[in-house]
Amino acid sequence: MRFEEFNLNKDLMEGIASIGFETATPIQEKAIPVITSGKDLIACAQTGTGKTAAFLLPILSRLTDHRVATCNTLVLVPTRELALQIDQALDGFSYFTSVSSIAIYGGTDGITFEREKRALTEGANVIIATPGRLIAHINQQYVKFGELKHLVLDEADRMLDMGFQEDILKIISHLPKVRQTLLFSATMPPEIRSFAKKILNAPEEISIAISKPAEKIRQEAFLVHDPQKNELITRLLKETDYKSVLIFCSRKEKVKVLRFDLKKLGLDVDAIHSDREQHEREETLRNFSSGRVRILIATDILSRGIDIENIELVINYDVPPDAEDYIHRIGRTARAERTGRAITFINGFDQRSFQRIERLMEKEVPKLPMPQGMAPGPVWDPSKKPPGGGKKSFHRGGKKSFRGNR
């Protein structure tokens with residue numbers, strides 16, 4: 001279905017055409033008519049399916065048809081990266097319209113906070129916010145949502161996983177009871193359905209490819225002991241001239257150590273984790289997106305908040321603790337109908353977790369032999385009790401660390 005068939009505002013259509021959008025994705029084809037009709041919606045769609053445009057376009061079309069000077073739409077998201085991504089997408093779509101927007105998220109300075117306050121009090125049309133930061137503004141009692149017409153919860157499963165349910169309910173208590181509410185989630189566990197019943201009114205439901213990676217991702221895995229991981233990753237990065245590589249580690253300490261070690265080898269690498277300032281993270285993302293940085297190492301803060309279409313290889317330095325996180329990590333490659341490769345390192349401890357991922361996907365991922373000259377890794381036996389008394393560790397120079405915090 002082509003975008004012209006949705007009867008969207010002509011000024012908005014100019015923006016859509018200028019960024020090369022022609023044919024709607026399945027989630028866009030199903031969601032846009034529902035949202036245009038004014039009904040509440042629960043939409044379940046995996047990462048990379050185009051759900052941002054699915055909810056933005058019908059809302060922007062209505063805003064452009066009926067211009068207002070107040071806050072019309074609130075989009076709640078789990079991370080600052082996703083807030084920025086949605087705001088940037090909105091800027092592109094609405095380039096030929098007069099719709100105003102702002103992304104509101106933590107980790108910034110007082111000047112930014114004042115700019116957010118001004119947008120909230122003067123009525124930016126679309127607010128994209130993380131719950132904690134928005135609560136900080138609401139607590140100061142100047143936020144007015146009396147004219148709000150649309151509430152969007154994006155990555156709702158992630159927000160609940162991060163403990164934002166009470167914050168979201170508090171925010172909703174400040175919104176008009178009569179509104180359109182749209183809930184987008186990559187998964188639909190019972191707790192999401194229970195939560196949806198509290199805040200949505202007779203919603204339509206759409207489900208697109210739940211918990212299935214894109215077919216064009218070539219998934220592979222290595223059985224590897226922790227001390228072998230750096231040698232293996234170095235070989236993989238040197239065997240093929242990948243132009244864009246994203247590496248996920250489960251903890252920020254691993255990110256820091258791996259970045260240091262790869263830098264020493266002369267590789268073009270940078271990293272993003274929660275200890276870096278927001279402006280540093282944004283600059284690093286820009287450098288990676290533009291190709292000035294070839295290899296980016298990150299924690300799961302980027303598994304849903306990065307939208308770069310040319311990532312050729314995703315490496316899971318370790319198996320993510322949650323099966324859904326695996327889907328989102330590898331979903332960073334093979335976007336926009338491209339092909340991609342995803343490689344996961346599985347140590348003895350993580351075998352059971354990876355087997356759960358395979359069951360979720362209903363697919364067995366090939367376990368590749370170690371490269372020539374490297375010692376064999378652990379034997380694949382997920383039924384065996386994990387070694388080391390159940391503690392995860394990471395290695396550098398033979399030393400163990402059990403420090404946490406993403």
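Is Asn125 buried or exposed? Asn125 is buried, at a relative accessible area of 5%; buried means under 20% relative accessible area, exposed over 50%, and partly exposed in between, with a 1.4 Å probe and protein chains only. The model is predicted: local features need pLDDT of at least 70, side-chain atom pairs count only at pLDDT 80 or more, and totals for chains, interfaces and linings use all residues. Residues are numbered from 1 along each chain as its sequence is written, and side-chain values use heavy atoms, with hydrogens and water left out.

**Overall make-up**

- The chain has 14 helices and 16 strands. Both are DSSP runs numbered from the N terminus: helices are H or I with at least four residues, strands are E with at least two.
- Of the 406 residues in the chain, 56% are buried.
- Take the contacts in the chain with a separation of 6 or more: 77% of them link residues 24 or more positions apart. Contact means heavy atoms within 4.5 Å.

**Sheet with β1 to β7**

- Seven strands form an open sheet in the order β3-β4-β2-β5-β6-β1-β7, with parallel pairing. Two strands pair if DSSP finds at least two bridges between them.
- β3 (101–104) and β7 (204–208) are the edge strands. Each has a single partner strand, so one side of each lacks a neighbour in the sheet.
- From one strand to the next, the twist averages 10°. Angles run from 0 to 180 degrees between N-to-C directions, and axes are lines fitted to C-alpha atoms, for helices over the stretch in contact.
- Helix α5 (residues 110–122) packs on this sheet and touches β3 and β4 (126–129). The direction of α5 makes about 135° with that of β3.
- Strand β1 (residues 41–45) runs parallel to β7, joined by 5 bridges. Ala45 has Ile208 of β7 as its bridge partner.
- β3 and β4 also pair in the parallel sense, over 4 bridges. Ile102 has its bridge partner in β4, Ile127.
- β3, α5 and β4 make a right-handed β-α-β unit. A crossover is right-handed if, with the strands pointing away from the viewer, the path from the first strand over the helix to the second runs clockwise.
- Helix α9 (residues 190–199) lies across β1, β5 (150–153), β6 (180–185) and β7. α9 runs at about 170° to β6.

**Sheet with β8 to β14**

- Another open sheet has 7 strands in the order β10-β11-β9-β12-β13-β8-β14, paired in parallel.
- Its edges are β10 (269–272) and β14 (367–368). Each has a single partner strand, so one side of each is left without a neighbour in the sheet.
- Strands β9 (residues 245–248) and β12 (residues 313–316) run parallel, joined by 4 bridges. Val245 stands opposite Leu313 in β12.
- Helix α12 (residues 278–290) packs on the sheet, touching β9, β10 and β11. The direction of α12 makes about 140° with that of β10.
- Helix α11 (residues 252–264) lies across β9, β10 and β11 (295–298), at about 170° to β10.

**Nonpolar cores**

- The largest nonpolar core has 41 residues. Such a core is a set of buried Ala, Val, Leu, Ile, Met, Phe, Trp, Tyr and Cys residues joined through side-chain atoms within 4.5 Å.
- Leu41, Phe55, Leu57 and Phe184 have the most contacts inside this core.
- α3 gives the most to this core, with 8 residues.
- Phe184 touches, among others, Ile35, Leu41, Phe55 and Val152, not counting residues up to four places away in sequence.
- Another core, of 37 residues, lies apart from the largest one. Leu74, Ile104, Val143 and Phe195 are among its residues.

**Helix pair α1 and α3**

- α1 and α3 pack at an angle of about 140°, with axes 8 Å apart.
- That makes α1 oblique to α3. Angles under 35 degrees count as roughly parallel, over 145 as roughly antiparallel, 65 to 115 as roughly perpendicular and the rest as oblique.
- Asp11, Leu12 and Ile16 of α1 meet Leu57, Leu60, Ser61 and Thr64 of α3.

**Two loop residues**

- Asn125 sits in the loop between α5 and β4. Its contacts include Leu63, Cys71, Asn72 and Ser98, not counting residues up to four places away in sequence.
- Met162 lies in the loop between α7 (156–161) and α8 (165–172). Met162 counts as partly exposed, at 40% relative accessibility.
- Met162 and Pro78 are 84 residues apart in sequence and 7.7 Å apart in space, C-alpha to C-alpha.
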